[in-house]
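Here's a quick look at how two parts of one chain sit against each other. Have the structure open as you read.

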Amino acid sequence: MSDTEDKPLGSNTLAVRAGQVRSQEGEHSELIFASSSYVFATAAEAAARFAGDSPGNIYSRFTNPTVRTFEQRLAALEHGERCIATSSGMSAILCTLLGLLKAGDHIVSSRSIFGTTVNLLSNILPKYSITTTFVALSNYEDWERAITPTTKLLFLETPSNPLTEIADISRLADIAHHADTLLIVDNCFCTPCLQLPLKLGADIVIHSATKYLDGQGRCVGGAIVGSDALLGEDIHAFLRNGGASMSPFNAWVFLKGLETLSIRMQAHCRNAQKVAEWLSNQTFVKRVYYPGLKSHPHYALAATQQSAAGGIVSFEVSGGKAAAWKFIDATKLFSITANLGDTKSTITHPGSTTHHKLSAEQRLAMGINPGLIRLSVGLEEVSDLINDLDQAHQG
Ligand SMILES: *Cc1c(COP(=O)(O)O)cnc(C)c1O
């Protein structure tokens, strides 16, 4: 039965086992290596490690065993050769962009991305002569038109936040590669349990581990996944010299989070589907945005590209901002917070929180109407969540 050794392991097995290296203590659960530096047997060994001639730990800014276990586990789940863990989702984006780009380079990005990413691209990177053109997520002609000879990469999130718009990753990968550029996908909303951008042709996947990978709202962290060739040189050098490293404690929380990610994601999706279906039958709701509803314009694409529709549901109430705020304040179970991807369900008004920096015209152009409410559906009893929404609207 020697051929069984070579059978590839399934993702649920990888989520629980990949990357673990047991110490001589025989511990069952992964250790937190709370050590900033490592000792060498001899001066010659130290020299060989620093020269890169011998593998092994040097200093925890760029080599830590707990962080490495998290990296190898997430790389296995995303079908990437390599992962680099970072101190936050934003530093994952920063390390990727500043690792790969130089002054004069150009980015084409979806307009419907995380607000802080918009700020990074529009207000900070231009100081270093890296510029961005923003396009509509699912307007493929827009993407093609925006590419110039200095464009080095395309950047997107799918589904988008808060309107859950879906982009065809394979199609954008073709557009990117035809123009000799890279495709970068922030896979925060789906996680590798629902969507595998690298298998669809993307070059790099970004994560805010803060969201579903932790899944219980405890730690801030991020990750970059892709090929050895893309990550191993400039992006790794940016992390090593820029210092936006993940701490071993946070890495341990995230790697334990990966062990239950698949069952949590399935439960988030089940609850979100029921909440979305209930909302779409309510007269006080003008419109529901959830890719698991047949009424969603990208329902068919979501069904082929994702294994389930995700945990984020947005909806619009009649009566604009005042009605939305009144509804939010009347919920009792939902937490009023802009965070998402937590076991605890959250409710937020995108127009005055996550998207408040945009002008009213920009928000309207993006479809973020004043009556829009975003839910991150958690793992409570779904009947309790629905009862809470029901009483909030009556109250
Ligand atoms: C939260 C978030 C980020 C930023 O991650 P942090 O861990 O908060 O730095 C990036 N992208 C998306 C889609 C997010 O939701």
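## The buried area

In this predicted model, domain 1 and domain 2 bury about 2700 Å² between them, with 60% of that coming from carbon and sulfur atoms. Buried area here is the accessible area (1.4 Å probe) that two parts lose on being put together, summed over both. On the domain 1 side, Leu-163, Leu-194 and Tyr-212 supply 29% of the area buried against domain 2, more than any other three residues.

## Who's who

Domain 1 covers 3–256 and domain 2 covers 263–394; the bounds come from an automatic or database domain assignment. Their C-alpha centres are 28 Å apart. In contact terms (heavy atoms within 4.5 Å), 31 residues of domain 1 meet 34 residues of domain 2.

How many salt bridges does the rule find across the interface of domain 1 and domain 2? It comes up with 0, taking a salt bridge as a side-chain nitrogen of Lys or Arg within 4 Å of a carboxyl oxygen of Asp or Glu.

## Helices on the domain 1 side

Helix H5 (115–124) and helix H8 (191–194) each put at least two residues into the side of domain 1 that touches domain 2. H8 gives the most, with 3 residues. Helices are DSSP runs (H or I, at least four residues), numbered from the N terminus.

Residues are numbered from 1 along each chain as its sequence is written, and side-chain values use heavy atoms, leaving out hydrogens and water. Because the model is predicted, local features need pLDDT of at least 70 and side-chain atom pairs count only at pLDDT 80 or more, while totals for chains, interfaces and linings use all residues.
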